[in-house]
Amino acid sequence: MRIRRRLPATAAAVLALALLATGCSGGSDGARPAPTTPPPAPVAVARVCDRPAAGPSAAPAGAVTVDPAVVGDLTVKTRNSPPNTVFWLAPGTHRLEADQYAQVAPKEGDSYLGAPGAVLDGGKTNQYAFTGSATGVTIRYLTVQGFVAPQNEGVVNHDSADGWVIEHSTIQRNSGAGLMAGAHQQVRANCLRDNGQYGMNAYKTGAPVTDLVVEGNEITGNDTDGWEQRQPGCGCTGGVKFWAVNTADVRGNWVHDNRGPGLWADTNDNDFRIEDNLLEANDGAALIYETSYNAVIRGNTIRHNDWVEGRRSADRGDTFPYATVYISESGGEPRVPARTDMLEIDHNQLEDNWSGITLWENADRFCNSPANTSSGDCTLLVKDTSRCAQPTIASAPLYADCRWKTQRVDIHDNRFGFDPSVVGCTVDCGRMAVLSNYGSYPDWSPYKGEPVADAITGKQQNRWHDNTYTGPWSFVAHDPSRTLDFGQWQGAPYQQDAGSTLRPGAGG
């Protein structure tokens with residue numbers, strides 16, 4: 001079962017493109033099999049990496065010109081200029097001093113504009129590119145590469161300062177995360193490519209990140225350092241990781257071919273709108289929403305995800321229903337203010353992923369439990385974690401409020417297509433699921449046995465309805481041992497997918 005140790009991680013150019021599905025022959029090494037069905041219809045794609053927007057070819061009036069021939073020129077001129085200065089980086093490769101801490105520290109309101117061909121290169125020596133607490137910094141049209149941030153740290157906006165705008169930039173081939181996020185940050189039309197851990201790590205020490213916009217970016221090939229293999233169970237990989245983000249709009253992005261999940265919201269995130277994205281060919285799930293609250297997941301095209309991790313799990317005999325959209329201990333909570341009090345998953349098109357949607361709740365994972373892998377965090381409903389202990393946890397309100405609950409999830413008007421000949425699977429794929437484990441730990445847990453499985457399956461307003469299925473789908477309910485056909489899934493006691501249709505022989 002997917003139980004991992006969590007570590008806190010310290011409009012744009014949208015073009016129409018018909019994408020052809022690609023892949024390799026199947027096998028237990030995780031390679032993707034070649035598709036045998038026609039490609040899907042064209043979709044809107046933020047194809048930024050191959051077609052980056054060009055910056056100004058001459059310095060704007062009043063801008064300070066930064067000379068690539070002078071090592072450290074950017075740092076020195078930033079230090080010697082007043083706040084709200086515009087810096088124009090001339091064409092060529094710019095370098096900082098050969099010291100790991102020779103980063104640029106912007107002042108409030110500074111702007112950095114790259115000319116066509118302007119690159120800021122860390123030379124595998126500098127850890128960070130832009131740091132500090134200055135607000136309102138803008139970075140546009142600049143390539144940032146070759147920096148070596150440590151694990152869970154980032155290269156651009158390393159200190160998660162507020163109000164930054166990063167647009168039309170390429171942030172690639174860095175260690176750690178390409179960039180961090182602060183409150184009111186806007187990340188638009190960037191190429192976040194081939195970074196060692198994350199394309200972006202939306203995390204701020206000591207405070208939630210609020211009002212984050214991630215729009216029209218291409219996010220691809222991240223986790224080149226293979227952190228999940230280096231630290232099994234770390235839960236520290238993906239295209240973008242969100243941690244304690246309150247209000248985020250994630251729209252119009254192309255998130256593909258990352259070596260882990262595509263998008264991962266992990267621990268007390270709230271009020272997300274994840275809309276009109278193309279999420280495809282990520283090694284892990286397209287989207288994980290974990291120990292978090294209140295979201296709209298709508299209008300996304302989600303295809304060919306989790307082929308690598310899904311097959312790897314099946315080959316080792318793990319029967320857990322790993323999904324392309326994985327909702328783990330998350331749901332709607334009216335007591336947490338947001339634009340919705342549900343977790344709504346609707347009008348998405350899922351095509352030939354390893355599986356579909358899994359709603360999961362770990363009965364042993366709650367505030368103050370040793371099995372809480374979110375580094376000691378508690379729910380947003382309980383401020384004092386120590387209250388979640390015997391005897392008070394066994395009665396209201398703490399019995400309910402000490403758990404992150406998968407509840408009020410409404411899954412409707414989606415199209416789920418699955419062709420096993422395309423995915424290259426024979427077992428443990430093509431599944432929908434709502435389930436929990438048998439509570440057993442710790443000794444003082446009030447959730448031992450099946451009460452959580454009973455709740456997530458029948459008492460927490462989790463509902464599929466009015467969906468369209470094509471292909472040989474199966475369904476898992478209550479616990480991993482209960483595999484159902486469509487009739488059983490629709491029938492008592494589960495009564496899921498009212499108004500939905502299934503054509504098992506139609507393929508993906």
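This is a predicted model: local features need pLDDT of at least 70, side-chain atom pairs count only at pLDDT 80 or more; totals for chains, interfaces and linings use all residues.
User: Which side chains meet in a salt bridge at 2.9 Å, N to O?

Analyst: A salt bridge is a side-chain nitrogen of Lys or Arg within 4 Å of a carboxyl oxygen of Asp or Glu. In this structure, the side chains of Arg335 and Asp401 form such a pair at 2.9 Å. The two belong to distant parts of the chain, 66 residues apart: Arg335 lies in the loop between strand E28 (325-328) and strand E29 (343-346), and Asp401 in helix H4 (residues 398-401). Helices (H or I, at least four residues) and strands (E, at least two) are DSSP runs, numbered from the N terminus.

User: Is Asp401 buried or exposed?

Analyst: Buried means under 20% relative accessible area, exposed over 50%, and partly exposed in between (1.4 Å probe, protein chains only). Asp401 is buried because its relative accessible area is 8%, whereas Arg335, at 49%, is partly exposed.

User: How many salt bridges does the structure hold?

Analyst: There are 24 salt bridges. One of them joins the side chains of Glu215 and Arg188 at 2.8 Å, N to O. Glu215 lies in strand E17 (residues 209-215) and Arg188 in strand E14 (residues 186-188), so this pair ties together parts 27 residues apart in sequence. Both Glu215 and Arg188 are buried.

User: Which residues do salt bridges with shared partners join into one network?

Analyst: The network consists of Arg188, Glu215, Asp249, Arg251, Asp271 and Arg339.

User: How are paired strands to be read?

Analyst: Strands of a sheet pair through backbone hydrogen bonds, either parallel or antiparallel. Here, two strands count as paired if DSSP finds at least two bridges between them. Strand E23 (residues 270-275) is an example: five bridges join strand E20 (residues 245-251) to E23, and the two run parallel. Five bridges also join E23 to strand E26 (residues 293-298), again in parallel. Glu275 of E23 is the bridge partner of Arg251 and stands opposite Arg298 in E26. Five of the six residues of E23 are buried.

User: In what order do the eleven strands of the open sheet stand?

Analyst: The order is E10-E13-E16-E19-E22-E25-E28-E31-E34-E37-E38, with mixed pairing. Strand E10 (154-156) and strand E38 (483-484) stand at the edges with a single partner strand each, so one side of each has no neighbour in the sheet. Within this order, strand E16 (residues 198-202) and strand E19 (residues 238-242) run parallel and are joined by four bridges. Tyr198 stands opposite Gly238 in E19.

User: Where does Asn414 lie, and which residues does Asn414 touch?

Analyst: Asn414 lies in the loop between strand E32 (409-412) and strand E33 (415-417). Its relative accessibility is 3%, so Asn414 counts as buried. Contact means heavy atoms within 4.5 Å. Leaving aside residues up to four places away in sequence, Asn414 touches Ile345, Asp346, His347, Asn348, Asp466, Asn467 and Thr468. The side chain of Asn414 also reaches the backbone nitrogen of Asn348 at 2.9 Å.

Conventions:
Residues are numbered from 1 along each chain as its sequence is written. Side-chain values use heavy atoms; hydrogens and water are left out. A polar contact is a pair of N or O atoms within 3.5 Å; within protein, one must be able to donate a hydrogen and the other to accept it, and residues adjacent in sequence count only if both atoms are side-chain atoms.
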